[in-house]
Amino acid sequence: MNAPAQSPLNAQYRRQLASARRRLARFGVDAEDAVHDAWVIALEAGAATPTDAEASRAAERLRGQARASVRRDVEVEEGAAVRGSEGIELAVVVRELAARLDAAAWEALVEAVDEEEGVARIAAREGVSERTAQRRVAVAREAARAVVGEGEDVDAASAIRESECARTVATSRHTSETKGVGSRVMSDRLAEELRRIERAHPKGREVIDAMRGESLDPTYARVVNGHLALVRGETPAAWQERFGVAPELLVVLVSGEVQARDLEEADREIFASGLRLDWDLVIVANDAPDLKSRLARMPGRPMLRVPWALGESRWNTLEGALRAALPTYDVFEQKDPVRGRQVLGREREIRELQTRVERAQAVGLFGLRKVGKTTLVRAVTDFIDPASSGLDGFASQSVSPDRVALYVDAQGVLTRHVDAVADELLSALADRMSAAQDGFPVPRSGGLVAFKDAVERLFVARRARFVIAIDEYDFLFEDSSGRTAPVEGLVDLLRLLRAWSQTRGAVALVLLGRDPEHLAASRIAGAVNPLLGWLTAMHLHGLDADESRSLLSVLGQRAGLRVGARSVARAITLTGGHPRLLRVYGSRLFELCHAGHGTREWLRDADPFADRAAEAFLAHRDTREIAEEVVDILQARYPDVLELLREIAIGGASAADLRAHMAEAVTRAQEFGLLFGADDAVPEYLRRYLQRYTAPSQMRRAAG
Amino acid sequence: MTVDAARNPYEWDRHDPMVQLPRTALVDALYGAVLRGLGVRLVGGRGMGKSVTLRILAQRLREVGGTGVALIEGPPLAGTLTACLDDVAKALGVPTGASSNLREVVDAATRTHGFERVVFLFDEVDQYVQRRVDNEPLGRVWLNHVESTRRNDPRGRVGVVAAGGLGLLYLEHVIGSHFASRAETVAMTPLSREELVELAAPFADHGPPLPDGVIDAIQVMTAGVPALVTFALGALWPLSTAGSADVLHVFKRFRRSHAGFIDDVRSAVTHPDLFDAPSRVLSHAQSHAGAVSRELLLEACTSPDSSRSIPLDRVVELLQAAGLAALDGHPDDDPVAVRALASVLTPPSSRARAATVSDRFVAEVATVLAQMHRLAKSFYAKGRGLVDEEVLSASLAIGLDALGWDTDCEPVQVGGFVDVKARLRDVPGHFLIEAKKYSNDDAADVQEQVDHYRVSDTKHAVVVMFGDEIPAKTPWPDAYTRRCLAGLTVERMSDRPDLVAHLRATDARGRVTDHLLVAVPRR
C-alpha cells in the first residue's frame, strides 16, 4: 500500500478519519459493507489517494451501489449516502482495517459484502465447511468493529475485545500488505517491483522463480538499491506446519558481498511488517562464496540468518536451506523480553490487559523478574500502537494517529524528581510521533508542565487516547536500600493521569513491578494516593500447562525438535511454567538433541533426552541466576514466603499444612507463581536451590 | 611476536602494552555478545587484564563498519550523572550537555556519524558502586539507566560491557541492578603456562629464551595473574640470563614497592563498605587442601546477621577471575573442590610464637610448607609433574619473606650454595634451608649437604623434603630416617598440621638439624 506520508492528502485524511470513525460507529456491522463499497469505488476511480473529484465520482457510484443493496439494511443506505469527501474518509478507514486484519480475516470481510455468496465462496476456496466460513465472516466483522468501534460505542468495543475475535486480532500481527482488496491494490505495484528486481539484480529472476517454484508466492517486494532487494513471500502452509515459521518469510537478495547494513535494512523491514514476519529469522540469498560463515560473523541482534547460497553449482532449494539452518539456531535462547511471534501463551492475560486499557483503567502488573511482564505489556502496546516500539519506518496506515502508547522504563530515570519521569514520557512520545511520521511537535524535555501541555494538545488535535506503561515502577518508590522514598512530585503525575482517565476516558496506566506494596498505600509522600480505587492488580506467574506445552512445542518445531509429553511434563515440574525457565530447559533439549548429530533428519524426538536435559537445566547458570534472584527478593522483602518455601522444599511440609498459620505467605507465593499446580508444589528449580543453598545446617544435612 | 630488542617491551601497569596476548577466546565472547546488543559483565580482579581486554575489544569493534565505541575508563571526577552522560557523549564525538539521557546520546551519535550500533565499554565499575549521587550508589543509577537504554532499543543496537570485580557482585546481590541481573558473564582467567610462554617469546629475540624453571617460578609466584607476569618479565628483561632465584628477587622487590597493588587485589574480593564473603571463602580455600565442605562455604557467604547471602558460585567465580582460587569441580559438589592458588597474592599470614628465634624459624618454615601442601596442585606444571627444587625453594623463600624474613635463594646449579638463606632484622647470624625432592637420587645425602653449608654464624639449619612420590608400604618418616638420617640421633617431634613429620636429627658433634617432611601431592 502506498505510504500516505508521501501523499498531499495525508493530513486531510487524518482529519477525515476521525469523523468517519464516529459516523461508522453508529452504523454497526452493516457499516462495513458501506466502507468496503466506498473503498472499492474510490480505488476504481483510479487512485489509492483519490482527489476530491475522483472521490466525488466514487461517491456517486457508491450511492448507486448502496441503493441497489438497500434491501439489506436501511442503515447501509444511510451510511452510503454520503458526500464525496466522506467517501474518502471511509476509504481511509478501510485502509486502516486492511492494515489491521490478517489475511484470512480481511478476505472474509471483503467477501462478506454479499454475505451468503461470500460464505459460499470462502467455503469453496478454502475447502472448509460453510459453518467455518461463516465463523470467519463473523470474526472478520467483529474484528472490523473492534477497529472502528469508538466514541459512543466504547462498551460494545470492549465487549468485542473480550470475545474470541479480539484474541484473533491481538495475536495476529497485521500488515497493510495482506490479501483481499489490499493485495489487489498491491498486485500491480508488486509486479512492477518484482520486474525491477529482475532487472536490477543478476540473480533476481532466478530467486523469484525459485520462490514461486517452492510455493513461496511473493506478497511484497522492494528494491532498496542496486545491491539489495527485499522480497516477502507467503509461507506455504506445509512449511509453517513443519518448520514452525511465520506466515510470511523475508528473503534478502544481495548482489555482491553481504554487508552489515543489508541486514540492518532487513531488520527494519521485519519491524515495519508489524512483526508479522518472524523477528529472528531472515533468508539471505547471495552468490558470493563463503556465505554461511560470512553471515555468522555479521553483527546484529540475535537472529537466524539462513544462507541461501546461489553461487554453487548445484541449485539449493529454499526448503533445503531452511532445513539445514533451522536446527543450528537455538530459538529458545532469549534473555531479553520477546516481541511479535515469539510471544507464546499469555493470551488470557493479553486479552485482559488490552480490555482494561481500552477502558482507560489503571492496571498494576506484578510479578518476579523475568516472568514476562514486559513481554506482556509490549504485546499490548505493539498492537494498539505499533509506533510505540520506537522504531521508525512504519507505514502510517498501520498506525492510528489517535491511539498512542508510551512505554518507559523507570530504571532509566536519572534523577529522583517527577520532571525526570515526565521527560522520559516526553521522550517516548516524541519518538512515537516520529516513528508514526506524525509531524506533531513534542518537546523532549520540560518536565511535568511540558508533558501535560503535549498530551492535552494531542487530546484536541488528534483526539488521542493514551496507554502509558511504566516498567519497573518500584524504582519510582524506593531508594537503593529498598526503603520507601517516592520520587519527588510523583503524586502530581499520578493525579494528572487519574484526572485524564476519569474526565476524558482517554488515559490508561499500566505499572509494572514486583508487587503492589507501594500502590496500595493510603498516602504517597503525605498526599492521598491517587491510585487507590483506580488501580486493578494483575499478578503474573507461570504459564499454565497448555501454554507451557505450546511454548515448547512451537519453539521446538522451529528448532527441529519434537517436544513430546514427557519433556513437557518434566519442564512444568522443573519450572512451574516460568516462561524464561521453560526456554532454558528448551535450550538444554536443543543442545542434547543436536549434539553430535547431523541435520539430515528433521524433527528429532526430544523426549528421550528429557531427564538429561533436566539435570543440565538444574546445573545451568541461568537457572541458578533466576533462583538466586527469587531468593534475593524473598530474603529482602518477604522472609515469611522464603520460610514457607523452605518448610515445603526442605522440611517436607505441604502448603495445605502451612496455610493455617502462614496464610498470607501462601497467597503471596501463589501470586508469584512459586507455588503452582493443584497441590501447590514448589518448582523443582527453586526447591533444589533452597535445599542446596539456603537451608539451615540441620535441614541441609537432612536434605543431603 | 617480535620487538625492539633494545627496549623493554613489558610494561606491567599500562593498559596498552607493547606485548600483549590476543586473548582471543575472551575477546571473541565479548565481541559476539555486544554486537548482538547484549549486556556483559566482565568479571575480574585487579591486574587480570580487564582494561587491556577492553582496549583490544574496542579496537576490534572500531574496525567493524558503523560501530560507535565509547570506552569509559572510570566514573567522572564530578561523580554526577550529567558528567557520566557527558563522558559518553564525548567518547562518541557528539556535543556534551545536549542530551538529557543516554538514548538521546545514542541517537545523536547515530545521526552524526551514521553509526548502526553503539557499544559502551565501562571500566572500573567497582568505583561507580562506591560513589553516591543523590544518596544512591552512582553505579546502580547509572548502570540501570544504561541497561534501560540497551534493553529498550528494539533493534538491539546498543551493546554494553561493564568490567569490575566485587562491585559487580555487590550491584547484583546487595543493591539490586537490572544490568547485572540480565547481563551475560564473561570471567577473566589467569594465564595458562602456555600463554605465559607465549608472552615470554620476545626473550628469544633478545637473548636466550627463559628456561623452564623460570617460567615455572613465575607461574607459581603469580598464579598467572597477567599484571604480575608482565611485571616479572619486565624485571627479568635486562638480565643476560635469568634463574628462579631472580624471580624471587623480583617479587620480593614487588612486594616492597607495590604493596598498594596487592592491597587492591584484596579489595577486589573484600571491602569494608561492600562485603567480605569472597574473602571468607578464600580463607577457607587456603586452609583446606582443595576440598571444603559446602556447609562451611555457604556460611561464609552469609552475612553475620543471616539477613543476606551471596551465591557461592558467584563468589567462587570472582575468586577465580581474580587469580586467587581455582575450582576443580562444580560448586554444587560437596565438598566443593575449591582451592586457593599459590602466589605472592596469597601469602601465609600467621606468624609463629616461639621461645627462641630458631624455634620461630622452624615453625614459620612449617607454616609456609603447610600452605604449600594445601595448595600443592599449584606446583605441578601441566604434563610435567612437580616443579623443580629451585622453584620450590623460591616459593618457600617468598613465603618466608611474607612472614618478615629476609631471604635469599641460590640457583641449584651454583655449587656450594644452600637453597635458601634467611635472616631476621636485628638478629645476628643466618638460617639455612636445604630443600629436596624425595624422589631425587641425591636426597639421601641431604644431611651431608646442609652440614657442608654451615658456617660459624649459622644459627640453625632446616632440611625440607618434598614428597611427591611417597613410599606406599613403609611409613615415610621411617623410610626417610633409614635412607637419609642413618647414624644420627633422631627424635620425632610432635607433628605439625599438614606436615607428614617433623624429625630432629642430632649428629655426634651435637649439631641439630630439623627435617620437615611435607607431601606435595598432585591430588
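Guide: An axis here is a line fitted to C-alpha atoms, for a helix over the stretch in contact, and angles run from 0 to 180 degrees between N-to-C directions. Helices (H or I, at least four residues) and strands (E, at least two) are DSSP runs, numbered from the N terminus. The model is a predicted one, in which local features need pLDDT of at least 70, side-chain atom pairs count only at pLDDT 80 or more, and totals for chains, interfaces and linings use all residues. Residues are numbered from 1 along each chain as its sequence is written, while chains are lettered from A and ligands numbered from 1 in the order in which they are written.

The part selected is helix H6 (138–151) of chain B. The axes of H6(B) and H7(B) cross at roughly 85° and come within 11 Å. H6(B) is therefore roughly perpendicular to H7(B); that label covers 65 to 115 degrees, whereas angles under 35 count as roughly parallel, over 145 as roughly antiparallel, and the rest as oblique. Two residues are in contact if their C-beta atoms, placed from the backbone, lie within 7 Å. On this criterion, H6(B) contributes B:Gly139, B:Arg140 and B:Leu143, and H7(B) contributes B:Gly167, B:Leu171 and B:Ile175. Three of these residues are nonpolar, two polar and one charged. Ala, Val, Leu, Ile, Met, Phe, Trp, Tyr, Cys and Pro count as nonpolar, Asp, Glu, Lys and Arg as charged, and the others, Gly among them, as polar.

H6(B) also belongs to the contact between the chains, where it supplies eight residues, the largest share of the side of chain B that touches chain A. The contact as a whole takes 39 residues from chain A and 44 residues from chain B. Other elements of chain B that each supply at least two residues include strand E5 (136–137), helix H7 (166–175) and helix H17 (312–321). The side of chain B that touches chain A has 18 polar, 16 charged and 10 nonpolar residues.

For the setting in chain A, one may turn to its open sheet, whose five strands follow the order E7-E8-E9-E6-E12 with parallel pairing. Two strands pair if DSSP finds at least two bridges between them. Neighbouring strands are turned by 15° against each other on average, direction ignored. Helix H17 (347–358) of chain A packs on this sheet, touching E6, E8, E9 and E12 of chain A, and its direction makes about 170° with that of E12(A).

Within the sheet, E8(A) is joined to E9(A) by five bridges; A:Ile468 is partnered with A:Leu509, and A:Ala469 with A:Val510. E6(A) and E9(A) likewise pair in the parallel sense over five bridges, with A:Gly364 partnered to A:Leu511. Seven of the seven residues of E9(A) are buried, so the rest of the structure largely encloses this strand. A residue is buried if 20 or more other C-beta atoms lie within 10 Å of its own, exposed if 12 or fewer, and partly exposed in between, with C-beta atoms placed from the backbone. A:Val507, A:Leu509, A:Leu511 and A:Gly513 point one way from E9(A), and A:Ala508, A:Val510 and A:Leu512 point the other way.
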